[in-house]
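Please read these notes with the model open beside them. They are arranged as numbered points, each on one topic.

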Amino acid sequence: MFDVIGQTVKAFSQIRLGPWQALGDVLLVGEGNLSFAKTLLKMPTAHITHMIATTFESENNLPDGATKNAQIIKCNGAQIMHNVDATHLEKHFRSEKFDTIIFQFPNVGSRDSKYGHNPNHVMIRKFLRSAGDYLTPDGRVMISAVDSPHYEGAFQFDAAAKFAGFETPETYPFDPSIFSGYSHTNTNDDDSALDDHKRFATWVFRLKK
Ligand SMILES: C[S@@+](CC[C@H](N)C(=O)[O-])C[C@H]1O[C@@H](n2cnc3c(N)ncnc32)[C@H](O)[C@@H]1O
């Protein structure tokens, strides 16, 4: 009887965690205040074997809380890098391979179209193409964003996956309440987009074989 209850509880918590399990060697890009990396590192179910957490901003231009979070991350054995452009990982990495590459709530912070496309779609296409070179054979890229037709229209994840040589991504609900200590920040200010929206999702991309 207790076995059945235990197994049911385990099954529910696995469903809730979705893809945030057995992450292996992890690279995080566009981490902003680094609070997601810090939280993930402390989650036993994430099973992280190594982590490099990166920010687009320079060390002198980080959002509130980032410096303290960076210290905690380093004390837990992970690495921090700054000025890392997710669309050009070859400028920062050589032969390293990662099981999981994560970009939480990507946003270029501009509405100016690029080559006739939404700038966020262009960024995601370039990020996926670059990330593909740094994945282990069964590795995956995970991107979380607001789950709404507006955001999906801006990012066009399926088209970006096709462009960059990935399968059509799988989508899982993203529940920020699982990640206690994660305080998402916007690109251009310190407010949180998580306050303005209710539904979020994580898109999981795997390379075409
Ligand atoms: C909405 S914020 C999210 C920050 C953080 N990931 C979070 O969830 O709180 C978007 C982030 O994308 C970063 N970003 C924009 N363009 C980027 C690029 N080319 N490479 C890496 N990060 C980028 C910004 O610096 C910003 O930190």
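1. T100 lies in strand β4, where strands (E, at least two residues) and helices (H or I, at least four) are DSSP runs numbered from the N terminus. At 0% relative accessibility, T100 counts as buried, a word that stands for under 20% relative accessible area, whereas exposed stands for over 50% and partly exposed for the range in between (1.4 Å probe, protein chains only). Not counting residues up to four places away in sequence, T100 touches L23, D25, V26, L27, R140 and M142, contact being heavy atoms within 4.5 Å. From T100 to I143 there are 43 residues in sequence and 11 Å in space, C-alpha to C-alpha.

2. A word on the origin of these values: this is a predicted model, in which local features need pLDDT of at least 70 and side-chain atom pairs count only at pLDDT 80 or more, while totals for chains, interfaces and linings use all residues. Residues are numbered from 1 along each chain as its sequence is written, and side-chain values use heavy atoms, with hydrogens and water left out.

3. As for the overall fold, the protein has six helices and seven strands, which follow the pattern α-β-α-β-α-β-β-α-β-α-α-β-β when read along the sequence. The radius of gyration, taken over C-alpha atoms and compared with a globule rule of 2.2 Å times the number of residues to the power 0.38, is 17 Å, which agrees with the value near 17 Å for a compact globule of 209 residues. Along the principal axes, the C-alpha atoms fill a box of roughly 60 × 40 × 35 Å. Buried residues make up 45% of the 209 residues, and among the contacts with a separation of 6 or more, 79% are between residues 24 or more positions apart.

4. What is the volume of the largest pocket? About 1,300 Å³ of space lies in the largest pocket. Of the 49 residues that line the largest pocket, the closest to its centre are P106, N107, V108, G109 and T187. A pocket here is an open set of points on a 1 Å grid over the protein atoms alone, where a 1.4 Å probe fits, with protein on both sides within 12 Å along at least five of seven lines, and lining residues have an atom within 4 Å of a point. Grid points are joined across faces, edges and corners, and the volume is the space filled by probe spheres set on the points.

5. The lining residues of the largest pocket divide into 20 nonpolar, 20 polar and nine charged, where Ala, Val, Leu, Ile, Met, Phe, Trp, Tyr, Cys and Pro count as nonpolar, Asp, Glu, Lys and Arg as charged, and the others, Gly among them, as polar. Helix α4 gives the most to this lining, with five residues.

6. N120 lies in helix α4 and is buried, with a relative accessible area of 9%. Leaving aside neighbours within four places in sequence, N120 is in contact with P106, N107, V108, A154 and F155.

7. Two backbone angles deserve a look. H47, in the loop between α2 and β2 (48-54), has a phi near 45 degrees, a positive value in a residue other than glycine, and H47 is exposed at 53% relative accessible area. N83, in the loop between β3 (79-81) and β4, has a positive phi of about 60 degrees although N83 is not a glycine, and N83 is partly exposed at 47%.
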